[in-house]
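Please look over the sequence and the model first, then read on.

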Amino acid sequence: MLPDQLDQVPQLARAVVFAICETMGGSVVYIPRGDTLRKALRDAEIFRAWRENNTRPDELARKFDLASQTVYDIIARQRELHRRAEPDLFGYEEHPRDCTNHPQSPALSGAFSCARKKYRPAQ
């Protein structure tokens with residue numbers, strides 16, 4: 001809150017309520033309980049603690065009162081979200097990986113491109 005201005009908190013709250021009334025007055029508005037937001041913030045905090053502080057998943061499970069598997073699932077989801085947010089530095093999006101034509105695949109014929117590398121099967 002505003003620790004040095006605690007006496008002004010009620011006036012600030014009234015000003016916020018009046019601003020909402022002026023803006024939204026007469027409208028039907030759905031205000032969610034915030035469960036999804038709370039979970040998203042919790043998941044981000046778990047991932048940050050795991051990634052930046054090297055906190056073990058079992059410690060995070062105890063801290064957040066979750067099952068260890070739930071913490072592992074959260075970390076996996078967060079890793080995927082962070083991967084999508086990172087820029088494509090190596091052009092993988094330009095040349096999608098086609099694993100059906102992998103060099104060790106038995107159905108090889110001719111040259112093909114996999115993750116921007118040219119592979120030619122042994123003749």
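## Terms and model

A residue counts as exposed when its relative accessible area is over 50%, and as buried when that area is under 20%. The structure described here is a predicted model.

## Overall make-up

The secondary structure of the chain consists of 4 helices and 2 strands. Read from the N terminus, the order of these elements is α-α-α-α-β-β.

The chain has 123 residues, and 15% of them count as buried. Its exposed surface comes to about 10,600 Å², with carbon and sulfur atoms supplying 54% of that area. Among contacts in the chain with a separation of 6 or more, 32% are between residues 24 or more positions apart.

## Confidence

The pLDDT of the chain has a mean of 80, and 71% of the residues reach 70 or more. Confidence is highest in helix H3, at 96, and lowest in strand E1, residues 112-114, where the mean is 46.

Over residues 105-120 the pLDDT is below 50. In the model this stretch has 25 contacts beyond near neighbours in sequence.

## Helices H3 and H4

How do helices H3 and H4 pack, and at what angle? H3 covers residues 57-64 and H4 covers residues 68-85. Their axes are 8 Å apart and meet at an angle of about 110°. Angles of 65 to 115 degrees count as roughly perpendicular, and H3 and H4 are therefore roughly perpendicular to each other.

On the H3 side, the contact is made by Pro57, Asp58, Leu60 and Ala61. On the H4 side, Ser68, Val71, Tyr72 and Ile75 take part. By type, the residues of this contact divide into 6 nonpolar, 1 polar and 1 charged.

## Two loop residues with positive phi

Most residues other than glycine have a negative phi. Asparagine 54 has a phi near 55°, a positive value in a residue other than glycine. Asparagine 54 sits in the loop between helix H2, residues 35-53, and H3. Is asparagine 54 buried or exposed? Its relative accessible area is 63%, so asparagine 54 is exposed.

Aspartate 65 also has a positive phi, near 55°, and is a residue other than glycine. The loop between H3 and H4 is where aspartate 65 is found. With a relative accessible area of 71%, aspartate 65 is exposed.

Aspartate 43 lies in helix H2. Its relative accessibility is 9%, so aspartate 43 counts as buried. Which residues is aspartate 43 in contact with, leaving aside its neighbours within four places in sequence? They are Ile74, Arg77 and Gln78.

Glutamine 78 belongs to helix H4. The relative accessible area of glutamine 78 is 10%, so this residue is buried. When neighbours within four places in sequence are left aside, glutamine 78 is in contact with Asp43, Ala44 and Phe47.

Methods:
Residues are numbered from 1 along each chain as its sequence is written. This is a predicted model: local features need pLDDT of at least 70, side-chain atom pairs count only at pLDDT 80 or more; totals for chains, interfaces and linings use all residues. Side-chain values use heavy atoms; hydrogens and water are left out. Axes are lines fitted to C-alpha atoms, for helices over the stretch in contact, and angles run from 0 to 180 degrees between N-to-C directions. Angles under 35 degrees count as roughly parallel, over 145 as roughly antiparallel, 65 to 115 as roughly perpendicular and the rest as oblique. Contact means heavy atoms within 4.5 Å. Ala, Val, Leu, Ile, Met, Phe, Trp, Tyr, Cys and Pro count as nonpolar, Asp, Glu, Lys and Arg as charged, and the others, Gly among them, as polar. Buried means under 20% relative accessible area, exposed over 50%, partly exposed in between (1.4 Å probe, protein chains only). pLDDT is the predictor's confidence in each residue, from 0 to 100. Accessible areas come from the Shrake-Rupley method with a 1.4 Å probe; for residues, only the protein chains shown count as cover.
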